[in-house]
Amino acid sequence: MHAPNVGAAPRLKTYTAPSGEWSVQYPADLLHVEQLTPEITIFISKDRHTVAAIDTFDAGADTPADALAKRGQAALRQIYSKSVKNTGAIAMPGARWETGFTFTTDKGSKGAALYHQNGRVDQDYRVFGFVYGYKAAGEKSVRPALEAIGESLKINPPVVQRLDRARDGLRAYFGALYAGRYADAARLYGGSYDILAGWNPDVPARDHIALLRNGCEQNGLQCLRLKRIVAEKAVSADEFQFTVEFLADSGKLFVLLGKTSRFTFTVKHASGSYLVQDLPVYMA
C-alpha cells in the first residue's frame, strides 16, 4: 500500500487527552485516534503503516535516561506487536526531549522514540514520550507531518495542581467580595452579569465593578466570608466544582432561609486563568 498523501496543508485537528494533561494537533485527513492502552494514545493511518503515539505515565520518582529509552522500546512493542531494532541514539533530540533513539522493523518501517521527564525539578514525575513510525519508502512526505505532531505537544499541569489553582481562585474571589475589593473580584469572575444588569438598569452593562458592588451592597447577594470548602472535584480537565459553607455576620454558620448551609460553585480554567462562574448566594 502507498503512504498517505500528506499534501501541502493537511487539516489539523486538536486532540486533548481525557485527563486534560496534554494535547496535540494531528492531520485528521491522514490519521485517526485510538487508545492503544491506558497510557498510550496512537494516531494511525487506515493502512496501519503510519503512526504517531503519545505515551505518558506518572513514574513517581526521578527516571534516568536509560529507563526512559527502555520505556520507548516497551511502547514500540505495544504498537508493532513485536520488538523493533534500535538503530542508534539520537545525539541531540531537541530542547524538549531528554533522550531518543531511532528504530526499524522487519517489515520496512522506521521511526524514532523521544522521551522526557522535564517536570522533575518541581516534583512532577510524569513521563512523556512521542513515538512515530512510517514506511521507509514514504519518509520524505510522511515524516514532516509526524514530527509536527510531536512539536505541537502541549503539556498541562497535573490535575492536582489545577484543582489547587481553582481552589485558590475560589478563595480569592470570595475574599475580595467580602472585603469590598470589587475590581479584584471582577477579575476572578467569569460568569454572566445579565442578572446584575437587570437589577441595575442605570449602571452600564460593562461596568462590572459597579455591578458587583451593587449586587453585594444593594441587591441581596450574600457576599460573606468563606468558612470552609467541604467537597471538591474535577468535573473535567478545565472545570472544577466546590461545595462550600459561609459565615454569617454573627460569626455563626450561614443558613439560607433556615434550610441550606452548603452551596455549590463552579470554577473554569481558560487562557491560564481560573474563573468562578457563579455569583454569591442571593437572599431577598
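## About the model

The model is predicted: local features need pLDDT of at least 70, side-chain atom pairs count only at pLDDT 80 or more, and totals for chains, interfaces and linings use all residues. Residues are numbered from 1 along each chain as its sequence is written, and side-chain values use heavy atoms, with hydrogens and water left out.

## The nonpolar cores

Let's start on the inside. In soluble globular proteins, nonpolar side chains tend to be buried together. Here a nonpolar core means a set of buried Ala, Val, Leu, Ile, Met, Phe, Trp, Tyr and Cys residues joined through side-chain atoms within 4.5 Å. Buried stands for under 20% relative accessible area, exposed for over 50%, and partly exposed for anything in between (1.4 Å probe, protein chains only). The largest core has 37 residues, and the members that touch the most others are L170, Y173, F242 and F246. Two or more residues each come from α3 (159–179), α4 (182–188), α6 (208–217), β11 (225–236), β12 (239–247), β13 (263–270) and β14 (273–276). The top contributor to this core is α3, with seven residues. Helices (H or I, at least four residues) and strands (E, at least two) are DSSP runs, numbered from the N terminus.

Setting aside neighbours within four places in sequence, Y173 is in contact (heavy atoms within 4.5 Å) with A185, L188, Y189, V276, D278, L279 and P280. Apart from this core lies another one, of 22 residues, including L30, A52, A112 and L114.

## The disulfide

If you are looking for disulfides (a pair of cysteine sulfur atoms within 2.5 Å), a search of the whole structure turns up one. C216 and C223 are the partners, with their sulfur atoms 1.9 Å apart. The link of C216 and C223 is left-handed, with -75° about the S-S bond. Both partners are buried: C216 has a relative accessibility of 17%, and C223 has 14%.

## A nonpolar patch on the surface

On the outside, I195, W199 and Y282 form a nonpolar patch, with about 290 Å² of accessible area together. Patches are made of residues with over 30% relative accessible area and no salt bridge; like charges are joined within 9 Å, and nonpolar side chains (Val, Leu, Ile, Met, Phe, Trp, Tyr) within 5 Å. The accessible areas come from the Shrake-Rupley method with a 1.4 Å probe, and for residues only the protein chains shown count as cover. W199 sits in helix α5 (residues 194–199). Its relative accessible area is 32%, so W199 counts as partly exposed.

## Salt bridges

The whole structure holds 19 salt bridges, each a side-chain nitrogen of Lys or Arg within 4 Å of a carboxyl oxygen of Asp or Glu. One of them joins D29 to R11, with the closest N and O atoms 3.0 Å apart. D29 is in the loop between β2 (22–27) and β3 (32–35), while R11 is in the segment before β1 (12–16), so this pair ties together parts 18 residues apart in sequence. R11 is partly exposed, at 46% relative accessible area. Another bridge links E232 and R167, with the closest N and O atoms 2.7 Å apart. Since E232 lies in strand β11 and R167 in helix α3, the pair ties together parts that are 65 residues apart in sequence. E232 is partly exposed at 33%, whereas R167 is buried at 18%.

Within helix α2 (residues 139–152), R143 and E147 lie four residues apart, about one turn of the helix. Their side chains meet in a salt bridge of 2.8 Å, N to O. R143 is partly exposed at 31% relative accessibility, and E147 is partly exposed at 25%. Both belong to a network of salt bridges that links K110, E139, R143 and E147.

## Two loop residues

T105 lies in the loop between β7 (99–104) and β8 (109–116). T105 is buried, at 18% relative accessible area. Leaving aside neighbours within four places in sequence, T105 is in contact with Y80 and V84.

G60 is in the loop between β5 (51–58) and α1 (65–80). With 53% relative accessible area, G60 is exposed.
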